[in-house]
Amino acid sequence: MGVTHHGRTQRLDLADPTLREWECTVLAADPEQGIVLDRSAFYPGGGGQPPDHGVLLWQGVQTRIVGTRKGDDLYLLPAEGDPLPPPGTAVTGALEDERRSLLMRTHSGLHVLCGVVFRDFGALVTGGNMEPGEARMDFNLPQVPPDFKASLEDLVNAEVVADRAIEVRVLPRAEALAIPDIVRTQTNLIPPDEQEVRIVDITGLDVQADGGTHVAATAQIGKVQVVKVESKGKANRRVRIRLMA
């Protein structure tokens, strides 16, 4: 997944995560493969963040987009039975705002969680997943301190209230990998052929390579509830969080 393009598609989602509607042109459309646009703000999924949903509007017709498929191109998957805009058609793309916005808050909340656990407990991430408004993250944490769940929730929400800026930048691979602790997972997930690395920086808390969409500051995440801490093996702990309305 490229930083600016995926195949023939320009990645508007990474350039401006607040974009919800845009004009574009259909490059390919196939009921089996999906729809390819020249420009797209649909996040295609990856790094635990699910893909966006939305619609394509064209000539008085609506095509619902319910998923994506990544291959040589970025394919948008239409809802079953919806019409396909022919190649060359000018269309308006529009994201489902509530889903995307909640996923952005959730993803940023996971980065705050990751930053706090790494800073205060020295643990690396071993896995994670998210849905709108709730998520889990696994850590290599052999020893769980007393009152870990309650103290972790307090620590995370202190960083939310601090309203730390969340900044995104793209660096050459060598420069990015020279940043201490830029990879917060036990396994380096940056593809070896990726020459540019996208960095998400929660100012003063967490800096790591990441390909997802985020809010602009931690206060936009809202209150975080640590729902459960589970043991997933001798040294692995799973932390489940939920965003409060």
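Student: In what order do the four strands of the open sheet come?
Tutor: This is a predicted model. In it the order is β10-β11-β16-β15, with antiparallel pairing.

Student: Which strands are at the edges?
Tutor: β10, residues 125–131, and β15, residues 224–231. Each of them pairs on one side only. From one strand to the next, the twist averages 15°.

Student: And what holds paired strands together, in general?
Tutor: Strands of a sheet pair through backbone hydrogen bonds.

Student: How many bridges are there between β15 and β16?
Tutor: Seven, in the antiparallel sense, with β16 covering residues 236–243. As one example from this region, K228 stands opposite R240 in β16.

Student: Which strands does helix α2 touch?
Tutor: Helix α2, residues 97–121, packs on the sheet and touches β10, β11 and β16. The direction of α2 makes about 25° with that of β11.

Student: Where does helix α3 lie?
Tutor: Helix α3, residues 148–161, lies across β15 and β16. It runs at about 145° to β15.

Student: New topic. How many salt bridges does a search of the whole structure find?
Tutor: It finds 13. One of them joins R100 and D52, with the closest N and O atoms 2.8 Å apart.

Student: Why does that pair tie together parts that are apart in sequence?
Tutor: Because R100 lies in helix α2 while D52 is in the loop between β5 and β6, the pair ties together parts 48 residues apart in sequence.

Student: Is R100 buried or exposed? What about D52?
Tutor: R100 has 1% relative accessibility, so it counts as buried. D52 is buried too, at 0%.

Student: What does R169 form a salt bridge with?
Tutor: With D201, the closest N and O atoms being 3.4 Å apart. R169 is in strand β12 and D201 in strand β13, 32 residues apart. R169 is partly exposed, at 32% relative accessible area, whereas D201 counts as buried at 13%.

Student: Back to K228. Which residue forms a salt bridge with K228?
Tutor: E230, and the closest N and O atoms are 3.9 Å apart. E230 has a relative accessible area of 16%, so it is buried. K228, at 43%, counts as partly exposed.

Student: Last one: which residues are linked in a network of salt bridges?
Tutor: R119, D120, E159 and R164.

Notes. Residues numbered from 1 in each chain as written. Predicted model: local features only at pLDDT ≥ 70, side-chain atom pairs only at ≥ 80, totals over all residues. Heavy atoms only, no water. Pairing = 2+ DSSP bridges. Helix = DSSP H or I, 4+ residues; strand = E, 2+ residues; numbered from the N terminus. Axes fitted to C-alpha atoms, helices over the stretch in contact; angles between N-to-C directions. Contact = heavy atoms within 4.5 Å. Salt bridge = Lys/Arg side-chain N within 4 Å of Asp/Glu carboxyl O. Buried < 20%, exposed > 50% of the residue type's maximum accessible area, 1.4 Å probe, protein only.
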